[in-house]
Amino acid sequence: LFYGKETKEKKKMPIWKKILFVLLCLFILGMLAMGVFFYYVVKSSPEFSKDKLYESQTSILLDKDGREFAKIGEKNREIVTYDELPEVLVDAIVATEDARFFMHNGLDAPRFLKASTSYITGNNIGGASTLTMQVVKNHYTSTTSSGIEGIIRKFTDIYMSIFQVEKKYTKEEIIEFYVNSNNLGAGSYGVEQACLTYFNKSCKHINLSEASIIAGLFQAPSQYNPFINPDKTEIRRKTVLNLMLRHGYITKEEREAIFNLIDEAKILLDDFPLL
């Protein structure tokens, strides 16, 4: 009798082993669920093609003397290459939208983890998308950011950015995709048309002040359109210049020089409102 009782007690599994077994099962189930999730993301992702970035491109018609007399196309867009972009504009865009663009593989992991943590804690700060992810989101997936659809969309952006874009194209080419494909307000698509619209000059001729305005438009072109909301444009321009200073693209003296010009322009407009 005593022997049977002792055998039963030995066969009884300790509580810590039960907990460990449950945790192991949950871990295995979690890994399987993640595997199924990522398999779905890969299989459902669209195929990236740079030709699909530009829904329509403006055709410029010239007369017999080579002068432009008409543009044909649904959207005002003129494609520029990376070599045609002024360094100050590239610096302004990178500093504002993706400071580690030239160092990551399509996903800025520290930035993504920080944004994910803030989202979980209810303090969503956004800003996790790299330039590459923005190209994908704006033209291949969607802007959905909540619920299971938002989660799937975000991981689709990450997958396409790393494996379909960054592995096949150079950083310079990705910059080209970004600056040429975005709507920048006032019927302008791409930085070249935006510079022609707002400053009446090609993007290769713009200065630091003008580059900071163009870089600021990418976040919200309607809101920061200088024709519609000049005050918001100036606030955004100062934000861009502050970010350029923070990331070492300009000096404090260069930033202050632009700030002073902005303040002088405001004083002039206040004194002569009809100008």
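How are α5 and α6 oriented to each other? They are roughly perpendicular (the label for angles of 65 to 115 degrees, where under 35 counts as roughly parallel, over 145 as roughly antiparallel and the rest as oblique). Before going on, please keep in mind that this is a predicted model, in which local features need pLDDT of at least 70 and side-chain atom pairs count only at pLDDT 80 or more, while totals for chains, interfaces and linings use all residues. Residues are numbered from 1 along each chain as its sequence is written, and side-chain values use heavy atoms, with hydrogens and water left out.

Let's stay with that helix pair. The axes of α5 (residues 131–139) and α6 (residues 147–166) cross at roughly 115 degrees and come within 9 Å. Here axes are lines fitted to C-alpha atoms, for helices over the stretch in contact, and angles run from 0 to 180 degrees between N-to-C directions. Helices themselves are DSSP runs (H or I, at least four residues), numbered from the N terminus.

Where the two helices touch (contact means heavy atoms within 4.5 Å), α5 contributes Thr-132, Met-133, Val-136 and Lys-137. Their partners in α6 include Arg-153, Asp-157, Ile-158 and Val-165.

Now look at how α5 sits among its neighbours. Its buried residues (under 20% relative accessible area with a 1.4 Å probe, protein chains only; exposed is over 50% and partly exposed in between) are Leu-131, Thr-132, Met-133, Gln-134, Val-135 and Val-136. These buried residues pack against α3 (87–97), α6 and α7.

Gln-193 counts as buried because its relative accessibility is 7%. Gln-193 and Val-80 are 113 residues apart in sequence, yet their C-alpha atoms are 9.7 Å apart in space.

Finally, the cysteines. The structure holds 0 disulfides (pairs of cysteine sulfur atoms within 2.5 Å). Cys-195 is in no disulfide, and the nearest cysteine sulfur, that of Cys-203, is 5.3 Å away. Cys-195 has 0% relative accessibility and therefore counts as buried, whereas Cys-25 is partly exposed, with a relative accessible area of 31%.
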